[in-house]
Amino acid sequence: MEWLQQLFNGISLGSIYALIALGYTMVYGIIKLINFAHGEVFMIGSFTGFYAIAFWGLGFFPALILSMAVCAVFGVLIERVAYKRLRDSTRIAALITAIGVSLLIQYVVIYIRGAQPEAYPNVLPNRSFDVFGVQISSQSLLILVVSVVLMIVLQFIVHRTKIGKAMRAVSYDPDAAKLMGINVNNTISATFAIGSALAGAAGVIFGVYYTKIDPLMGVIPGLKAFIAAVLGGIGIIPGAVIGGFVLGIVETVVSALGFSLWRDAAAFIILILILIFRPSGIFGKNSKEKV
Amino acid sequence: MLNVEEIDVYYGNIKALKGISLNVNEGEIVTLIGANGAGKSTLLKTLSGLLKPKKGKIEYGNKSIAGRPAQVIVKAGISHVPEGRRVFANMTVEENLELGAYLRKDLKGIRNDFEKVFELFPRLFERKKQLSGTLSGGEQQMLAMGRALMAKPKLLLLDEPSMGLAPLLVKTIFSIIEEINRNGTTILLVEQNANMALSIATRAYVIETGSVITSGTAEKLQASEEIRKAYLGGM
């Protein structure tokens, strides 16, 4: 039963990684950029949620939606200001810019409000259920449900809506997409908006789940989500979800075995192994295209 | 319908088109022939908005479209079937066709055009739920053409539709091009297979290293000694 408990904890943690990883993978899929500022969008989302709950007295869901909206706008802003003009430059230039944007956001937030951590208010009632000997808190169950619902909504957007089809077309072949009349700039902005909104949701969920937030909180979850995206195959949406869950479970299991200090190391060892043995990730294919 | 005057197009510092002029009248099939690297595809890409001319005029109808973004040009009624087909291999045949109608909002008209495209290319109907990456080269060409038709273009730009196809299939594709033309779509066709292209074209332009070296009716060019030697296998 102990194992089942750990599995459930791992899935809860993994759902947060998965939500962040989706943004990484979507942005990479469409402009081939690892957006290292994505962890900071997550942080901004978490703080937006915090202020909304602590100072404006909003409930969990209104705060979640507000934070998603703020992050969507923020993500588009980052793209328009920092990345758009670099679209035709080398990938390394864009990557370095992304790291710069990430540091800029961290320290502007510290400059404005200080570096002290904040305790997330308790907005969700927390009861525990005993399901087959597994302690499941209503909080983590709700978090899991919210994450899964968001992933399903994303899947729907990407596969069934016009903007989703445009996103897939642009990520596959931007020039051919232009020939269909698709506005590539707007489609890229939409991708940033959706990916950032998911990171914002992850930020609020993280705050509620782990209760402590600070301006540098985006760094490690951001890197972990990046690993999750690579693990699943960067650019592949279901890959990011599976990668997130796998990473969450592995970390929890490592902790449960008594190596909790090795948790972060385990994640990075996974990254190294995947880059050595299967750089295209679990779902990636090294397929040659048919001409 | 389309009037191109003295356009210059650069790839970085390389001048790919040097003062090209040409015109296409409504209802025609006009073909551009010329060797690899002559600038034919560059010209089509400039017409559809993927490249911007440094100099010169492009008029469509009575509007200048030089340097306008691709979506404006598609909306104005020019569709481009690019070289190498460029179908979205990660999507189904049906989704590819839907994307072709991306800018249209007339659901009824779109449904109608789906049927027309399936009539023109029955193969696509059989495979509409299949990922387009699994289609054969000829089927992908049909899909690329069908996708462009879904935008309901008045002018269709076709870049090397016969590339890499078996001779029998080339014939099929060309007879479909004629049929599209008969249904009222004007066609600007780029081809290396000059024989085939001239056989269906009204008029033709011969392009060499970024300039038009000669032009005229298809019959005239077919009869010209020089053209036959250079482009038609000297028969």
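**Helices and spans in a predicted model**

Biologist: How far apart do the end C-alpha atoms of residues 132-158 of chain A lie?

Modeller: In this predicted model, that span is 78% helix and 15% strand, where helices (H or I, at least four residues) and strands (E, at least two) are DSSP runs numbered from the N terminus. The distance between its end C-alpha atoms is 37 Å.

Biologist: Which feature does UniProt place at residues 7-31 of chain A?

Modeller: The end C-alpha atoms of residues 7-31 of chain A are 35 Å apart, and the span is 100% helix and 0% strand. The unreviewed UniProt entry lists these residues, and others including 132-158, under the feature "transmembrane region".

Biologist: Why is helix H1 (residues 40-47) of chain B described as largely enclosed by the rest of the structure?

Modeller: A residue is buried if 20 or more other C-beta atoms, placed from the backbone, lie within 10 Å of its own. H1(B) is largely enclosed because the buried residues number eight of the eight.

Biologist: At roughly what angle do the axes of helix H3 (residues 93-100) and helix H6 (residues 137-149) of chain B cross?

Modeller: The axes, which are lines fitted to C-alpha atoms over the stretch in contact, with angles running from 0 to 180 degrees between N-to-C directions, come within 7 Å. Val93(B) and Leu97(B) of H3(B) are among the residues making the contact, as are Leu143(B) and Arg147(B) of H6(B), contact requiring C-beta atoms, placed from the backbone, within 7 Å. The crossing angle is roughly 35 degrees.

Residues are numbered from 1 along each chain as its sequence is written, while chains are lettered from A and ligands numbered from 1 in written order. In this predicted model, local features need pLDDT of at least 70 and side-chain atom pairs count only at pLDDT 80 or more, whereas totals for chains, interfaces and linings use all residues.

Terms used: Contact = placed C-beta atoms within 7 Å. UniProt positions renumbered as here; feature names shortened; annotations may be inferred. Buried ≥ 20, exposed ≤ 12 C-beta atoms within 10 Å, placed from the backbone.
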